[in-house]
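Morning, everyone. I'll take one structure today and go through it piece by piece. Please have a look at it first.

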Amino acid sequence: MEANKADEKIINVINIKKYFPINSGIIFQKKIGDIKAIDDISFYVNKGETLGLVGESGCGKTTTGNTVMRLFHPTEGEVWFKGQNITNLKGSKLRKIRRGMQMIFQDPYSSLNRRMNIGNIIGEPLEVHGIEEGKNKVEKVKYLLNTVGLSTLFINRYPHEFSGGQRQRIGIARALAVNPEFIVLDEPVSALDVSIQAQIINLLMKLQDELNLTYLFIAHDLSVVRHISTRVAVMYLGKIVELTDTEELYNNPKHPYTRALLSAVPIPDPEVEESRERIILSGELPSPANQPKGCVFHPRCPLSKKQICTEESPKLNDKGGKHFVSCHLV
């Protein structure tokens, strides 16, 4: 998966795996297996674009975001940020890199310290990274509050005094405090009402244009992803099964799992909704601790009839026009 020479990869993930050990015993623990949260995935994010990462709950989306941010250390593989391998960085070197990459979390209620007022929450990164302090820090915090559409009069209030949408705006302001280039958005609107979701998405798109930000947008809502993303990667059981431009994915899905996901998205036109085919997958999502042999999707795949599906894991290959699909039958 190579980008155009004119494109600048701000994030490049190469064959990363993240396994969590399963231990048995209380005192003398013995490893008896692994939960394969991420199982050998590669992708890149070009500067200024938004890569949407979608899939069912438990497929490894959030773990991918945490590993890219180096909140988790990958079991195998490499994470590159702006041409620098950050996989094994620690301490002050990693802290310096983190100034350029920030994260906005899913739950606006638990991601803010309830014992700190808003001024201190937003201003803390400025002090940690030695950017501003004193009066300059206060002025920067007020500027950030205005940037995300909040009044500067809120600076001495506490998180419990705000609605969910306002708290998420505070989380966005905190992420913007250190002037990052890349932001991981871990389902930033899933805990909000639909009307507030639209406001937050529009704010994120506005900030991206004004500040030249790059996003990794993690979500399970395919309608939201289509609205904000430049390209979309579809995950299933720790693997990326399809990756291409947004309109190409929604108009011409190739992987049977992607087709099933899109068929579940409601369409506001009753006639179209009634006439289209709904693909219902059989069975349940297998355990990441006991993945099927061969293609991980084959136990639920309506197309799986060949022996190769049960024996060989398909690679993510370009099927033309930078439309990458991981399927033996496409």
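In which hand does α5 pass α6, left-handed or right-handed? The crossing of α5 and α6 is right-handed. A crossing is left-handed if the near helix is turned anticlockwise from the far one by less than a right angle, and right-handed if clockwise.

Some ground rules. This is a predicted model, where local features need pLDDT of at least 70, side-chain atom pairs count only at pLDDT 80 or more, and totals for chains, interfaces and linings use all residues. Residues are numbered from 1 along each chain as its sequence is written, and side-chain values use heavy atoms, with hydrogens and water left out. Helices (H or I, at least four residues) and strands (E, at least two) are DSSP runs, numbered from the N terminus.

Back to the helices. α5 covers residues 164–176 and α6 covers residues 194–211. Their axes come within 10 Å and cross at roughly 20°. Axes here are lines fitted to C-alpha atoms, for helices over the stretch in contact, with angles from 0 to 180 degrees between N-to-C directions. The two helices are therefore roughly parallel, a label for angles under 35 degrees.

Next, strand β3, residues 50–54. 5 of its 5 residues are buried, so β3 is largely enclosed by the rest of the structure. Buried means under 20% relative accessible area, with a 1.4 Å probe and protein chains only. In a regular strand, side chains alternate between the two faces of the sheet. Here T50, G52 and V54 point one way, and L51 and L53 the other.

What does β3 pair with? Strands pair if DSSP finds at least two bridges between them. β3 runs parallel to β8 (residues 214–219), joined by 5 bridges. There, L53 partners I218. β3 also pairs with β9 (residues 231–236), again parallel, over 4 bridges. V54 stands opposite V234 there.

Now the aromatics. Rings of Phe, Tyr and Trp (its six-membered ring) pair if their centres lie within 6.5 Å; planes under 30 degrees apart count as stacked, over 60 as edge-to-face and the rest as tilted. The count is 5 aromatic pairs. F154 and F162 have ring centres 5.2 Å apart and planes at 75°, so that pair is edge-to-face. Both residues, F154 and F162, are buried. Y236 and F297 are also edge-to-face, at 5.0 Å between centres and 85° between planes. Y236 sits in β9 and F297 in the loop between α10 (270–275) and α11 (307–311), 61 residues apart. Y236 and F297 are both buried. Ring pairs link Y236, Y257 and F297 into a cluster.

Definitions and conventions
Buried means under 20% relative accessible area, exposed over 50%, partly exposed in between (1.4 Å probe, protein chains only). Angles under 35 degrees count as roughly parallel, over 145 as roughly antiparallel, 65 to 115 as roughly perpendicular and the rest as oblique.
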